Structures are given as C-alpha cells and as structure tokens.
Amino acid sequence: MGHSTAVVWDEALTSYDLGPEHPLRPVRLELTIALARELGILDRPGVSILVPTAADDQLLGLVHDRDYIGAVKAAPDELIGRLAARYGLGTPDNPVFARMHEAAALATGGSVDAVRAVWSGAADHAVNIAGGLHHAMPDRASGFCVYDDPAVAIAWLLAQGAERVAYVDIDVHHGDGVQAAFYDDPRVLTVSVHESGRYLFPGTGFAAETGRGEGIGTSVNVPLPPGAGDAALAAAVEHVVAPAVRAFRPQLLFTQLGCDTHRLDPLAHLATTVQGQAAAHAALHALAHEVCDGRWVATGGGGYALVDVVPRAWTAAIAEMSGVPLAPGATPVDWHETVRRLAGRAGPSTLTDEVRPERPELADAVDATVAATRAALPDLF
Ligand SMILES: [Zn+2]
Ligand SMILES: [Zn+2]
C-alpha cells in the first residue's frame, strides 16, 4: 500500500525540559530522531517532516480551563507557592520551568498538526513523539504533563465534525487525563492498557471504569499485573483493543505509544521488549487500515530508559508507520557517536532485545484481567 507519513519534528520540541534530575528528559527525543535518521527511515518514500506550530489559547481551551492556562503562562516568575500547588505545578513531578507554556503549547500543537494532516488527507499517518502527555487534567498538571495534547487534538477533531474517534493508549500508566476528558462523551472511545493502578501511578484504570452518562460503554481499561510482558500486551491488543475498536467503527485511530512497559524502564514493573512493542504497533497499524481507511495518528508518551529503550521503540513505531517494519540488526555506528555526545555513555548495540521466557504463572492473571474487562462492557464485546 502507498503510504504517506508525516513525522512531527522540530528541535524546539526539546524545550519541554523538566530539568537535569527529572526522569523525563528531552534527550530521548533527539536520540530517537537521530536513530531514525541514521537508519534512513526519515528518507523513505512518503515520509516527510512536519514542523509543529504552537497551540493557541483557543485550542488549549477546548480542554483546559482559562485559569489554568493563565497560571502556566505566569510560571515561573509570577507563580509561587500555594497558587502553583493548586494547579499541580511546582511539585517534584511537575516542576515549573522557564517558558513552560511555550514548550507545552508546542508539544500540544504538534499533536493537533498531526491530526490535522491525517484528517485533511494530506497524510495517511502522522506521529508526534513529543506528544502523548496523557495525565494532564483540565485544571491541573499531573504526571509530568502540563497540557493534554491527545485530548486537545481529539477535541479539535470533534470540533471539525468528527463523529467517532478511538484513542488507544499502551503506555504503562493509565491514560487518565484523556479518559477523564471524554468520560461522558459517546463520540470518543478510550482504551488504555497499563500496569494496574494497584501498583502504579495514577492509581486508576480499572475494568469497572466504563464511562458516565451518555459515555457509558466508551471507556475501556486493561490493568495488567506487574511482570506482564509481550504475551500480555499482545493478548490485550488482540482480545480487547482490536474488537473494541472494530465495534466502535472510528473515523480516526489516535494511539499513545508510551514505551515504559519495557522491562528496563525504571519507573514501572512490566516486562515487554522492543519487538513486543513493535508487534503492538503493527497490530494497531493493521487495525487503522481495516477500520478507518488508514487514518492513524500516533504520539510518544512515557519512556524513561532514555538511551536503552526509547530511541529504538519509537524508531520502530516510525518505521511501522512508513510501511516497512524495522528488521532486527545492529544499531548504526554513527548513532553511537551521537549517543556518546548527548548522553555521555554507550547505547544499545542491537535494534531488538534478547527474548526471555514469559513468566508462565502470569498467564492466568492476564487471562482473568482480559475477561474482566470484556465482562464489564457487554455491549462492546
Ligand atoms: Zn499504513
Ligand atoms: Zn507512562
């Protein structure tokens, strides 16, 4: 199939910088783009770079409260103490930083630009690795996220007249901000596969969270047990994500591809590999072509193994979107020089991971989780 894929990128996206000690650091974006470039993926036929534009107040206001946007703009100089705390800012997770509004608005604008490219037909697929900030709430920052770019981009789509949009989130953390934004909206299906909130931030995302009011039946959650790996992710995609999306018949598939389910991720306890994540990307890609004429938008999200996992996982996603999945092999020599320069250490030598056996005792727990999710949504499954 002939593909055109827009890759949202501008070095200005690295200005979303929460500080040198914070787990989310922009070097992961630079290393991803460098790896994709070295492998020739950005030069493939149909692949183009889309330079993002910042989201303005009207766009942000589709999701966020005016007071909150004003507080983010006031940071850091005029936002202090109790006022910051009211908006979730000035915490270890969400420190205030210089030009925070501009950086967050650009990351959000990138996701809106990606959706606009696909919705207008300018591109079949579009990806914003700087997006996926899925924890931000209408009135406050949360979980490293200032503005909720997936929610804003989807809200923009609804404002254009879209009738059904599916949001699929495979980040290790529950996509609580996006779920909350559309919890009572029957036009948006949200599906989140994550490590159970019993063990991990933000502590939500259970099977019983199925929507509210007119939105009942359009919120889907798969809370996986700690230790779950590639087989669990594949089962969740095959038995929950795919049938839910098929039943909903969206006009566009929006996916958040956080890669912090990886076994090396320092913030969580799942155990996927890069190739297990790539298999999920491939399944989502096939689903987009099956149900919505290929209209597929992807973002990054979490991922805190900044050198060892993020660049390979999201390069695999970009490769999948471009129409040719990444083949196993060595990481390019020139990329290693970039890793040394930007991260001061050696990078991973191969594009895929060593496969380790799944923990067999988890299979029953994963099956039970999938069954509970399906049972909670009898009209969808
Ligand atoms: Zn495609
Ligand atoms: Zn995450």
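## The zinc site

Three protein donors hold the zinc ion (ligand 2): Asp171 (OD), His173 (ND1) and Asp260 (OD), lying 1.9 to 2.1 Å from it. Donors here are N, O and S atoms within 2.8 Å of the metal (3.2 Å for Na, K and Ca); water is not among the atoms, so sites may look incomplete. Along the chain, the donor spacing reads D-x1-H-x86-D. Asp171 and Asp260 link distant parts of the chain, 89 residues apart. Asp171 sits in the loop between strand S4 (165-169) and helix H7 (176-181). Asp260 sits in the loop between S7 and helix H9 (274-292). Both Asp171 and Asp260 are buried. Buried means under 20% relative accessible area, exposed over 50%, partly exposed in between (1.4 Å probe, protein chains only).

## Model and conventions

This is a predicted model: local features need pLDDT of at least 70, side-chain atom pairs count only at pLDDT 80 or more, and totals for chains, interfaces and linings use all residues. Residues are numbered from 1 along each chain as its sequence is written, chains are lettered from A and ligands numbered from 1 in the order in which they are written, and side-chain values use heavy atoms, with hydrogens and water left out.

## Overall fold

The protein chain has twelve helices and eight strands. Helices (H or I, at least four residues) and strands (E, at least two) are DSSP runs, numbered from the N terminus. The radius of gyration is 19 Å, close to the 21 Å that the globule rule gives for 381 residues, so the chain is as compact as a globular protein of that length. That radius is taken over C-alpha atoms, and the rule is 2.2 Å times the number of residues to the power 0.38. The C-alpha trace spans about 55 × 55 × 40 Å along its principal axes.

Of the 381 residues, 59% are buried. Among contacts between residues at least 6 apart in sequence, 78% join residues at least 24 apart. Contact means heavy atoms within 4.5 Å.

Ten of the eleven residues of H6 are buried, among them Asp149, Trp156 and Leu158. Just after H6, Gly161 takes a positive phi of about 105°. Ala162 counts as buried because its relative accessibility is 3%. Beyond four places in sequence, Ala162 touches Trp119, Leu157, Arg187 and Gln251.

Gln251 lies in the loop between helix H8 (230-248) and strand S7 (252-256). At 19% relative accessibility, Gln251 also counts as buried. Leaving out residues up to four places away, Gln251 touches Trp119, Ala162, Glu163, Arg164, Cys292 and Arg295.

## Asp93

Asp93 belongs to the loop between helix H4 (81-86) and helix H5 (100-119). Its relative accessibility is 33%, so Asp93 counts as partly exposed.

## Cavities

The whole structure has four cavities of 30 Å³ or more. A cavity is a set of points, on a 1 Å grid over the protein atoms alone, where a 1.4 Å probe fits but cannot get out; lining residues have an atom within 4 Å of a point. The largest cavity holds about 70 Å³ of space. Its lining includes Leu13, Tyr16, Arg25, Arg28 and Leu133. By class, the lining has eight nonpolar, no polar and two charged residues. Ala, Val, Leu, Ile, Met, Phe, Trp, Tyr, Cys and Pro count as nonpolar, Asp, Glu, Lys and Arg as charged, and the others, Gly among them, as polar. A volume is the space filled by probe spheres set on the points, which are joined across faces, edges and corners.

Definitions and conventions
1 Å grid on protein atoms, 1.4 Å probe; cavity = no way out; pocket = protein on both sides within 12 Å on 5 of 7 lines; lining within 4 Å.
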